[in-house]
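Below is a short briefing on one protein model. It starts with a single residue and its surroundings, then moves on to sheets, backbone geometry, cores and totals.

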Amino acid sequence: MGGLGRAGCAPVSREEHVDVVVVGGGPAGSTVATLVARRGHSVALLEKERFPRHRIGESLLPATVHGVCRLLEVSDEVARAGFVVKRGGTFRWGAAKDPWNFLFAVSPRLAGPTSFAYQVDRMRFDEILLRNAARHGVDVREECPVGAVLRDGDGRVAGVRCTDRDGVTRTVRARYVVDASGSTGRLWTAVGAPRHYSDFFKNIAVFGYFHGGGRLPGPDRGNILCAAFDEGWCWYIPLSDELTSVGAVVHRTRAAEVSADRGRALRDLVGRCDIVADLLSPATRVEEGAHGQVRVRKDYSYATGRFHADGVLLVGDAACFVDPVFSTGVHLATYGALLAARSINSALSGEVPEPVAMAEFEGRYRREYGVFYEFLTAFYDMQQHEGTYFWQARRASGIGDTDLEAFATLVGGVASGDPGLDAARTRLVGAGRDLAAGVAATGPMQTASGERMATLFRTPVVRDVMAEAARLQARDAPASPLLPGGLVPSPDELGWVAG
């Protein structure tokens with residue numbers, strides 16, 4: 001396709017042809033573009049902004065860190081970035097008056113060296129993935145917005161029309177177009193199905209960044225904290241020793257109040273959540289730079305009626321979003337992108353008929369969304385104790401582990417059993433001992449009232465789980481179809497083969 005000129009788009013032709021066009025350079029777009037390029041296909045990625053740019057959603061799951069990043073061949077770079085290590089989560093939620101914790105390490109699918117994720121500054125993380133895509137041969141074009149999709153004579157999507165940084169309109173024809181442009185784009189309408197907004201999650205989020213906030217004690221220091229209060233709940237995400245992402249989620253009936261004065265609304269709502277207010281007592285809100293704005297997001301729980309049509313696939317927020325409480329946004333985006341890449345690769349190579357490959361993409365992606373949706377509707381029942389939430393995780397996911405294991409497996413992003421998300425090949429036989437040491441090191445929690453509580457994990461049943469983890473981690477059974485009569489990942493995990 002030629003080299004990039006000063007404008008970021010190849011200047012030699014107004015009409016070009018590639019195998020795949022990806023619209024949007026966030027985690028979903030960078031992931032699908034890289035994984036298709038790894039199979040030797042030509043890919044153009046068109047991004048309307050210039051990186052780095054701000055995005056919310058900084059808390060990752062182990063499935064993304066140890067699964068998707070491994071397939072992207074970017075794990076080492078992400079590890080060197082110095083992001084805050086997240087070993088689990090801390091909740092002041094439900095009927096329990098005191099905070100309670102979970103550790104990813106409780107899951108036998110995550111025990112050992114893969115039992116953590118990161119809290120990331122999305123400006124840095126997203127740029128790492130985008131530059132990695134370029135290194136893998138993707139033709140990355142920033143400041144190149146897409147105006148419309150193109151169709152062939154049969155109505156199949158066959159490319160896009162974009163405008164480069166010099167204002168030149170270009171046509172890029174492709175066998176597949178992937179919409180990874182987020183929730184606010186309009187290309188998703190090309191699938192010909194409406195977007196269905198949740199009747200349950202009718203919420204609005206207001207969020208900003210603070211300098212100098214407190215931290216949870218000991219090994220819980222890097223945890224995400226989610227704390228409920230009478231009107232909603234707050235998140236508290238440590239992004240560095242000094243920077244913290246803080247948001248409040250309330251019902252959308254408060255939208256006018258929140259929008260009228262975002263800064264005041266954030267301050268007032270956080271003030272009603274005592275545990276977060278205590279942590280923020282020494283902090284000041286960042287008021288300059290990319291982190292200096294107080295932002296609002298509303299109407300964010302939805303799913304498009306179809307995730308694909310002839311020639312086009314939706315991934316990330318273009319396809320669906322559930323709720324921010326378990327930080328599933330980047331997970332669903334990157335997992336959907338992995339599924340899309342497999343289906344595109346298999347169809348382009350002729351190894352799997354296109355309708356079969358796309359049905360696998362749609363079915364697996366929608367199932368993952370549905371599992372989280374079902375679980376989160378139960379999690380919003382504030383009259384329950386944590387044990388009930390653990391049971392609901394096992395019921396929603398169908399995982400045959402204990403309730404506590406199923407909870408950690410689900411919120412770690414590996415409930416599907418997809419080998420692309422499961423770093424089983426890197427587990428150590430001694431991971432059970434590592435888990436035991438980690439749990440023993442997790443200190444008591446200081447509550448807002450000043451009392452100290454024992455962690456959730458100092459119980460005989462959890463010690464039994466840890467003893468069993470070493471045996472469970474060794475299993476590496478061949479993949480079986482997730483869907484009835486469906487496909488399984490290819491040996492390189494970048495395509496599909498018959499189950």
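Thr34 is in contact (heavy atoms within 4.5 Å) with Leu72, Asn132, Ala133, His136 and Val138, leaving aside its neighbours within four places in sequence. Thr34 is found in helix 1, residues 27–37. The model is predicted: local features need pLDDT of at least 70 and side-chain atom pairs count only at pLDDT 80 or more, while totals for chains, interfaces and linings use all residues. Residues are numbered from 1 along each chain as its sequence is written, and side-chain values use heavy atoms, with hydrogens and water left out.

**Thr34, continued**

- Thr34 has a relative accessible area of 0% and is therefore buried (buried means under 20% relative accessible area, exposed over 50%, and partly exposed in between, with a 1.4 Å probe and protein chains only).
- A polar atom of the Thr34 side chain lies 2.7 Å from the backbone oxygen of Ser30.

- Helices (H or I, at least four residues) and strands (E, at least two) are DSSP runs, numbered from the N terminus.
- Two strands pair if DSSP finds at least two bridges between them.
- Strands in the order 11-18-21 make up an open sheet of three strands with antiparallel pairing.
- Strand 11 (195–197) and strand 21 (320–321) are the edge strands, each pairing on one side only.
- Two bridges link strand 18 (residues 302–304) to strand 21 in the antiparallel sense, and Cys320 in strand 21 is the bridge partner of Ala303.
- Helix 9 (residues 354–379) lies across strand 18 and strand 21 and runs at about 165° to strand 18. Such angles run from 0 to 180 degrees between N-to-C directions, with axes as lines fitted to C-alpha atoms, for helices over the stretch in contact.
- Pro194 is in the loop between strand 10 (169–179) and strand 11.
- With 48% relative accessibility, Pro194 counts as partly exposed.
- Not counting residues up to four places away in sequence, Pro194 touches Trp188, Ala303, Thr304 and Gly305.
- Pro194 and Gly305 are 111 residues apart along the chain, yet their C-alpha atoms are separated by 5.5 Å.

- Six of the six residues of strand 13 (residues 224–229) are buried.
- Ile224, Cys226 and Ala228 point one way from strand 13, whereas Leu225, Ala227 and Phe229 point the other way.
- In a regular strand the side chains alternate between the two faces of the sheet.
- Strand 4 (residues 88–92) runs parallel to strand 13 and is joined to it by four bridges; Gly89 stands opposite Ile224.
- Strand 14 (residues 232–238) pairs with strand 13 in the antiparallel sense over five bridges.
- Strand 13 and strand 14 form a hairpin with two residues between them, and Phe229 stands opposite Gly232 in strand 14.

**Backbone geometry in loops**

- Most residues other than glycine have a negative phi, and most peptide bonds are trans.
- The peptide bond from Phe51 to Pro52 is cis, with omega near 0°; Pro52 lies in the loop between strand 2 (43–46) and helix 2 (62–71).
- Glu73 has a positive phi, near 60°, and its place is in the loop between helix 2 and helix 3 (75–80).
- Glu143 also has a positive phi, of about 50°, and is found in the loop between strand 7 (139–141) and strand 8 (146–151).
- Glu143 has a relative accessible area of 29%, so it is partly exposed.

**Nonpolar cores**

- A nonpolar core is a set of buried Ala, Val, Leu, Ile, Met, Phe, Trp, Tyr and Cys residues joined through side-chain atoms within 4.5 Å.
- The largest nonpolar core has 132 residues, of which Trp93, Val325, Phe326, Phe379 and Phe407 touch the most other members.
- Helix 8 (residues 329–349) gives the most to this core, with twelve residues.
- Another core, of 25 residues, lies apart from it and has Tyr236, Ala255, Leu279 and Val294 among its members.
- Phe379 is in contact with Phe91, Trp93, Trp100, Val325, Phe326, Tyr389 and Phe407, leaving aside neighbours within four places in sequence.

**Totals**

- The secondary structure comes to 13 helices and 25 strands.
- Of the 499 residues in the protein, 60% are buried.
- Among contacts with a separation of 6 or more, 72% are between residues 24 or more positions apart.
- The protein exposes about 18,900 Å², and carbon and sulfur atoms supply 50% of it (Shrake-Rupley method with a 1.4 Å probe).

Methods:
A polar contact is a pair of N or O atoms within 3.5 Å; within protein, one must be able to donate a hydrogen and the other to accept it, and residues adjacent in sequence count only if both atoms are side-chain atoms.
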